[in-house]
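Below is a briefing on a single protein chain and its ligands.

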Amino acid sequence: MNIGSSIKIALAVGALFLLLGNAFIIYKNFNTEWRAYQIAYLKMAQEKTADPKIKELLGNKSPRIEQIVVSGFGKERVDRCVTCHMGIDDDRFADAPQPYKTHPKIAGNHAYRTFGCTTCHDGNGRGLSVTDAHGHGKHWMEPLLKGDLIETGCAKCHPAPYLKETPKLQAGAALFVRKACIGCHKVERVSNGKLGPELTKVGAKWPVEYLRESIVFPKANSVESIMPIFQLNEDELTSLVVYLKSLNGENLVMGPVTNYDAVKAWKAETLAVVPLTVESGRQVYLNKSCNACHSINGEGGKVGPDLSVYGLQRTKEYMIQHHINPRSLNAGSIMPDFPYSKTELEALALYLSSLTKLTFDNAALYSKPVVTIAK
Ligand code: HEC
Ligand code: HEC
Ligand code: HEC
Ligand code: HEC
Ligand code: HEC
């Protein structure tokens, strides 16, 4: 065989592959999900239109990929969501099924042509199938945000101090301080805790389910976890998860980051005056989740010492000093520093001083030194 004919064969084979490749691409394009959604949309739009001229135009329109190019908020985004979600700014589609439904009215009046969709919703802007676009395919780190979780998206442009329109973020940030998460975790500009891992970008690192699990059941990720189990209701838990998920290092507006305000606001709140009674001290104990780590009469956590007869063991002055700074009395203590007002400190000490009831079960505690860290 001479060289000329082998080149000819190679060319022919190459051409055949090219042809097959093109045919495959054309086939795939005709079979894409978005096409079916758009054809259905055009039909619905035609039915909703009275003007015969527009009706005809819609009838002749062939499906095509629609996209919004968003520039001015971080790196450029190409959001093709409106290829399927075509009725988004058309009030006639208020009762239409998804993906055609009119977008709910939301605070702030953001225009979709400027803001796109993934700025708030995450997902994969370039995706053209439901699975891809909603970010539910493998390896996509930013699945669609909806429901309460969408507040995570708002935080990208409206960082702390959070808007009142994002109540879950507000509540989550406050709980993070109030429940003493700050005592163990560092979040840049918010807290400096060192006992647990830094959480400044924890939202970019883990999916929502993992964050939830880490709070509900710390031992799921590490059997030796010293992180206490907190008593949180469903609402508080969701707020904390929304807040943690929003800590992703993403800021699309690069405005001043004033996260410190959350802590400042809390500090101001700690000037709160509480009544000097045993009962109000008990409320302080419960509000600050002390029971996540301590037991009284058999109820509570086991990270810190049992406090059932603590009133017999320490003076009020000692208690107050310990609460202000546990490490001033026990250098290795993992007990977090909580912010307290003066009256809260007093009431708490009153409550703990009232724990004096020796019983058969707790007598042994009295004779043991207080400071023991349960493993
Ligand atoms: C291929 C068509 C298609 C594309 C592209 C698409 N969607 Fe959807 N979307 C749907 C369909 C169909 C539904 C309703 C069924 C469902 O939730 O899976 C839906 C539902 C939704 C919902 C409501 C989910 C719920 O559970 O209530 C949101 C929010 C949403 N899409 C946002 C987006 C965003 C943001 C993009 C772009 C990143 C996008 N979609 C791209 C087809 C699409
Ligand atoms: C991509 C950035 C971006 C995202 C994401 C975003 N916003 Fe906004 N938002 C803006 C801009 C820009 C304005 C306009 C400010 C102005 O007009 O001066 C605004 C204005 C507002 C306002 C009017 C009050 C004010 O402070 O100006 C509210 C309320 C608001 N947004 C709520 C939200 C909520 C709720 C979300 C999440 C669902 C959200 N925003 C997501 C950028 C964003
Ligand atoms: C400024 C933030 C913001 C932008 C930009 C935005 N959305 Fe939304 N979207 C929201 C909020 C807030 C909700 C209501 C959340 C909830 O209650 O589930 C929502 C709800 C939805 C829903 C569910 C509606 C329903 O009735 O359940 C769909 C679908 C949706 N958005 C699609 C889009 C698409 C497509 C775009 C881009 C054209 C877009 N969104 C742009 C904030 C935004
Ligand atoms: C006594 C210290 C302590 C307190 C208080 C504490 N944590 Fe933790 N946390 C830890 C430690 C230690 C870890 C490391 C892994 C483990 O032990 O589970 C951790 C892990 C985590 C993780 C997983 C981080 C990752 O990247 O894997 C999250 C999320 C978390 N904590 C959130 C919280 C929240 C929210 C609160 C408050 C409600 C809180 N923590 C209070 C000590 C603490
Ligand atoms: C993250 C777990 C944790 C939380 C939450 C916690 N503690 Fe502790 N606490 C400890 C540990 C561990 C010790 C033992 C080391 C030490 O003395 O600091 C301790 C010790 C104590 C002691 C005994 C100190 C002594 O030597 O006499 C008291 C009293 C106490 N804590 C009260 C509280 C109160 C009140 C709260 C809530 C405001 C609280 N703790 C929250 C872990 C915790």
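Helices (H or I, at least four residues) and strands (E, at least two) are DSSP runs, numbered from the N terminus. By that count the chain has 16 helices and 6 strands. This is a predicted model: local features need pLDDT of at least 70, side-chain atom pairs count only at pLDDT 80 or more, and totals for chains, interfaces and linings use all residues. Residues are numbered from 1 along each chain as its sequence is written, while chains are lettered from A and ligands numbered from 1 in the order in which they are written.

**Overall make-up**

- Buried residues make up 29% of the 375 residues in the chain. A residue is buried if 20 or more other C-beta atoms lie within 10 Å of its own, exposed if 12 or fewer, and partly exposed in between, with C-beta atoms placed from the backbone.
- Take the contacts in the chain with a separation of 6 or more: residues 24 or more positions apart account for 61% of them. Two residues are in contact if their C-beta atoms, placed from the backbone, lie within 7 Å.

**Nonpolar core**

- The largest nonpolar core has 38 residues. Such a core is a set of buried Ala, Val, Leu, Ile, Met, Phe, Trp, Tyr and Cys residues joined through C-beta atoms within 7 Å.
- Those with the most contacts inside this core are Leu169, Ala173, Phe176, Ile182, Leu240, Tyr243 and Leu244.
- α2, α8 (167-178) and α11 (234-246) are the elements that give two or more residues to this core. The largest share, 6 residues, comes from α8.

**Ligand 3**

- The shell around ligand 3 holds 20 residues, and Cys81, His85, Phe115, Cys117 and Cys120 are the closest. A residue is near a molecule if its C-beta atom, placed from the backbone, lies within 6 Å of it.
- α4 (112-115) and α5 each supply at least two residues of this shell. α5 gives the most, with 3 residues.
- The shell around ligand 3 divides into 10 nonpolar, 8 polar and 2 charged residues. Ala, Val, Leu, Ile, Met, Phe, Trp, Tyr, Cys and Pro count as nonpolar, Asp, Glu, Lys and Arg as charged, and the others, Gly among them, as polar.

**Ligand 1**

- Of the 25 residues around ligand 1, Cys81, Cys84, Gln98, Gly123 and Ala133 come nearest.
- α2 (33-48), α5 (118-121) and α6 (130-133) each supply at least two residues of the shell around ligand 1. Here α2 gives the most, with 3 residues.
- This shell has 10 nonpolar, 11 polar and 4 charged residues.

**Helix packing**

- Helix α13 (residues 278-287) and helix α15 (residues 342-353) pack at an angle of about 105 degrees, with their axes 7 Å apart. That makes α13 roughly perpendicular to α15.
- Axes are lines fitted to C-alpha atoms, for helices over the stretch in contact, and angles run from 0 to 180 degrees between N-to-C directions. Angles under 35 degrees count as roughly parallel, over 145 as roughly antiparallel, 65 to 115 as roughly perpendicular and the rest as oblique.
- The axes of α2 and helix α3 (residues 52-60) come within 9 Å and cross at roughly 170 degrees. That makes α2 roughly antiparallel to α3.
- In this second pair, Leu42, Ala45 and Gln46 of α2 meet Lys55, Leu58 and Gly59 of α3.

**Leu312**

- Leu312 sits in the loop between β6 (299-300) and α14 (316-324).
- Leu312 counts as partly exposed because it has 13 C-beta neighbours inside 10 Å.
- Leaving aside neighbours within four places in sequence, Leu312 is in contact with Thr356 and Tyr366.
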